[in-house]
Amino acid sequence: MERFFERLFERPAARLLAPRLEPVHLQHHVQRAMESGRVRQAGKWHVQSRFRLLLHPSDLVALSGREALPAELAESLRDHARQRGYVLAARPTVRLESSPRVAAGEVVVLADDLPAAPPLANAAPPPHDGSPALTPADPVPGSTSVFKAAQPSAPRARIAVRAPGQPVRHVVVDGSSLRIGRSNDNEIVLADDRVSRHHGQISARLGTLVYSDLGSTNGSYLQGSRVHEIALGPHDVIQLGGSSLTIEPAAD
């Protein structure tokens, strides 16, 4: 997942599960803003931690049912910074705001803070009492309590699986990852010589279905274009060798 949000999606946003912006797009924008605003000081990268995302009113309305989204985006920023060894001035926060000046489907990211300067080289180190040191991303005792962001529900969908010489079968998406390939240890097994043993995987991320190719020999294709990692929408067809996976909305 670590490079996923640094890649551009390989098709228009209008073909995702929602008609406009998806959470993965917001996460991509805010992480890119963190990267572009980083400052090198004393051998370490310092990054901003407070961000505002300006959205067109219609896009904000479309996201109104995802109350936990700002906390999820903030948590993803915290993970992003830790994985790369960045120094955070505070625990990240993200706010979603409406702005009619922003075009529909677009995102404007504003940073509300500057990277904190490192301590002076000649400053005396704080006394060590044997307790574990706190990193900038950790909460300070007595400050705001730590909470785990609620996880968004998985998209309601099912997958129509078609393989050569076999009847169509359906697999319901339940939020867990579904590995696809020729080997019997996959959740979706395809008896297709052109499919790799572990060809690809479908998983739910921030309320969106995502297909990932697992380094297959013959590749994965969407509408004739080879894809490596991409968000999926209703009626999308992923082609694997002579087999296909069609995303269908789940019946109520």
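Tutor: A salt bridge here is a side-chain nitrogen of Lys or Arg within 4 Å of a carboxyl oxygen of Asp or Glu. Keep in mind that this is a predicted model.

Student: How many salt bridges does the structure hold?

Tutor: There are eight salt bridges.

Student: Take R38. Which residue does R38 form a salt bridge with?

Tutor: With E35; the closest N and O atoms of the two are 3.7 Å apart.

Student: Is E35 buried or exposed?

Tutor: E35 is buried, because its relative accessible area is 18% and the cut-off for buried is under 20%. R38 is partly exposed, at 31%.

Student: Which residues are linked with E35 and R38 in a network?

Tutor: R84 is. The salt bridges of E35, R38 and R84 form a network.

Student: New topic. What does E248 pair with?

Tutor: E248 makes a salt bridge with R158, and their closest N and O atoms are 3.0 Å apart.

Student: Where do E248 and R158 lie?

Tutor: E248 sits in strand β17, residues 243-249, and R158 in strand β7, residues 157-162. The pair therefore ties together parts that are 90 residues apart in sequence.

Student: And is E248 buried or exposed?

Tutor: Buried, at 18% relative accessibility. R158 is partly exposed, with 34%.

Student: One more. What do the side chains of D185 and R179 meet in?

Tutor: They meet in a salt bridge, at 3.8 Å from N to O. D185 is partly exposed at 42% relative accessibility, and R179 is partly exposed at 28%.

Note on methods
Residues numbered from 1 in each chain as written. Predicted model: local features only at pLDDT ≥ 70, side-chain atom pairs only at ≥ 80, totals over all residues. Heavy atoms only, no water. Buried < 20%, exposed > 50% of the residue type's maximum accessible area, 1.4 Å probe, protein only. Helix = DSSP H or I, 4+ residues; strand = E, 2+ residues; numbered from the N terminus.
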